[in-house]
Amino acid sequence: RNPSYSFAVHQDYGFVADDWPLAGAEFKRRFASPDVRGLMAINFWRPVLPMKGPVLKTPLAVCDPRSVKMEDVLPITIRWDHMPHHRMLNLAHDDSQRWFYYPEMTVDEVLV
């Protein structure tokens, strides 16, 4: 059981430094610098133990960002017990979005 597991399409981070609740003052200062043109968040995904076989149900899906229209990106705020708020992005469905998934992923494989 994982209380944070999500079946909703989402991106864990928002558009601005204040959307990162665990970011410190130095991160926010650098983020606001005029010479910063963007930010890249890199995620590593893999099934976790104690899985005994490949993922056969609800695999991780990823969307090609080139197929996403900005008007389909929906900023939301959620609340967790351990944080006062967390801003993240949901995605409205559009038939032109291109989706991919990694079939039968095992604990020995990582999606970057």
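R66 is exposed, with a relative accessible area of 71%; here exposed means over 50%, buried under 20% and partly exposed in between, with a 1.4 Å probe and protein chains only. The structure is a predicted model, in which local features need pLDDT of at least 70, side-chain atom pairs count only at pLDDT 80 or more, and totals for chains, interfaces and linings use all residues. Residues are numbered from 1 along each chain as its sequence is written, and side-chain values use heavy atoms, leaving out hydrogens and water.

Let me continue with R66. Its side chain meets that of D64 in a salt bridge, at 2.9 Å from N to O. By salt bridge I mean a side-chain nitrogen of Lys or Arg within 4 Å of a carboxyl oxygen of Asp or Glu. R98 itself is partly exposed, at 38%.

What does the side chain of S67 reach at 2.7 Å? It is the backbone oxygen of D64. The side chain of S67 also reaches the backbone nitrogen of R98, at 2.9 Å. Both are polar contacts, that is, pairs of N or O atoms within 3.5 Å; within protein, one atom must be able to donate a hydrogen and the other to accept it, and residues adjacent in sequence count only if both atoms are side-chain atoms. S67 lies in the loop between β2 and β3 (73-80) and is buried, with a relative accessible area of 6%. Not counting residues up to four places away in sequence, S67 touches S96, Q97 and R98, where contact means heavy atoms within 4.5 Å.

I turn now to the overall layout. The protein chain has one helix and five strands, in the order β-α-β-β-β-β from the N terminus. These elements are DSSP runs numbered from the N terminus: helices are H or I with at least four residues, strands E with at least two. Of the 112 residues, 18% are buried.

E26 is partly exposed at 39%, whereas R30 is exposed at 52%. Together with R29, E26 and R30 are linked in a network of salt bridges. The structure holds five salt bridges.

How many aromatic pairs does a search of the whole structure find? There is one, formed by F27 and F31, which is tilted, with 5.8 Å centre to centre and 45° between the planes. Rings of Phe, Tyr and Trp (its six-membered ring) pair if their centres lie within 6.5 Å; planes under 30 degrees apart are stacked, over 60 edge-to-face, and the rest tilted. F27 and F31 also lie in helix α1, four residues apart.

Finally, P54 lies in the loop between α1 (25-31) and β2 (61-63), and is partly exposed at 32%. Its C-alpha atom is separated by 8.3 Å from that of P103, 49 residues away along the chain.
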